[in-house]
Amino acid sequence: ISSVMALTFISPGKGSAMTEEINYYDEELTELCDEIRQKIDALPRTQGDNRAERIAMIQQRMQRAKQVLHSFKVEMRELSKDEAFTYDTKCKQHVATLQQLNTDLQWAKSEGERAELMEGAGGEAGGVDNMTAQQLISKGASIQEQSLASVTRSKVMIEQSKAVGVETTQKLKGQTEQMRNIDEDIMKVESNLKRADLLLRAFLRRIATDKFVMVFLFLIVVGILTIIIYKAVNPEGAEEQGFNVPDEITPPVSRD
């Protein structure tokens, strides 16, 4: 009981520290998402090697955002039920934002690849007049295959993003159910503590009653011994005081 009381006494400070920690992660996630959005929106204005560097930088920031989101979820497990409900809504918003950013990034990459293909085809347009029919067919088939491969990669990335979203949603549901179970266990512990307190109080009252009976019996025995000793020491005075103590005990006589 004392350990539970100590835990209850310490928990407010711990909860405050956890709230500050999760607020820090919430702010960092918001800043990361805003930064990633700005960089993705600026991708159409960049080309060549600079575009590839921008995409690699965005992917690094996306990875950092996922790490912060994981830390955010870990800190949620230490919160109370009411606080966890509030931050669970924020967590879902961050998950949805990151999914949308990832989808937009993959789309921007596909559009860039498609634009490069079109530029390459345009650069070779000057030599089209010098190509034979077979060469034109082969060149068209090559461009078509590259376009189909780019679209296929985009579809795969989108499906992967959807799978990650579904998995994250399932994990959030599991964590929410786990927090509900923890809350129910806490309520059971509190109920058991109250019951133990009532039983302890009843036991103490019973001990107090038993002590009273023992003291009363002790006084009776002391009184009897006092009378016997007084009779043995001063028989005449005992008879004058009305203390009639028999010299011997005779068994009761049966009426049969």
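Here are a few numbered notes on the structure above, written for someone meeting it for the first time.

1. Before anything else, keep in mind that this is a predicted model. The values below are computed from that model, so read them as a description of the prediction.

2. Let's start with the overall build. What does the secondary structure come to? The protein has 5 helices and 0 strands.

3. Now for what is hidden and what is open. Of the 256 residues in the protein, 21% count as buried. The accessible surface comes to about 19,100 Å², and carbon and sulfur atoms own 58% of that area.

4. Contacts are worth a look too. Take the contacts in the protein with a separation of 6 or more: 74% of them are between residues 24 or more positions apart.

5. Zoom in on one residue, Asn 102. You'll find Asn 102 in helix 3, which covers residues 81-123. Is Asn 102 buried or exposed? Its relative accessibility is 17%, and because buried means under 20%, Asn 102 counts as buried. Leaving aside residues up to four places away in sequence, Asn 102 touches Met 62 and Ser 161.

6. Next, the second largest pocket. About 480 Å³ of space lies in this pocket. Which elements give two or more residues to the lining of the second largest pocket? They are helix 2 (48-76), helix 3 and helix 4 (133-233). Helix 4 gives the most, with 9 residues.

7. Staying with the second largest pocket, its lining is made of 21 residues. Those nearest the centre of the pocket are Lys 66, Leu 69, Lys 73, Val 164 and Thr 168.

8. Last, the cysteines. A disulfide is a covalent bond between the sulfur atoms of two cysteines. How many disulfides does the count come to? The count here is 0 disulfides, going by a rule that asks for a pair of cysteine sulfur atoms within 2.5 Å. As for burial, Cys 33 has 7% relative accessibility, which is under 20%, so Cys 33 counts as buried. Cys 91 has 0% relative accessibility, so Cys 91 counts as buried too.

Methods: Residues numbered from 1 in each chain as written. Predicted model: local features only at pLDDT ≥ 70, side-chain atom pairs only at ≥ 80, totals over all residues. Heavy atoms only, no water. Helix = DSSP H or I, 4+ residues; strand = E, 2+ residues; numbered from the N terminus. Buried < 20%, exposed > 50% of the residue type's maximum accessible area, 1.4 Å probe, protein only. Contact = heavy atoms within 4.5 Å. Areas by Shrake-Rupley, 256 points an atom, 1.4 Å probe, with all protein chains shown as cover. 1 Å grid on protein atoms, 1.4 Å probe; cavity = no way out; pocket = protein on both sides within 12 Å on 5 of 7 lines; lining within 4 Å. Points joined across faces, edges and corners; volume = space filled by probe spheres on them.
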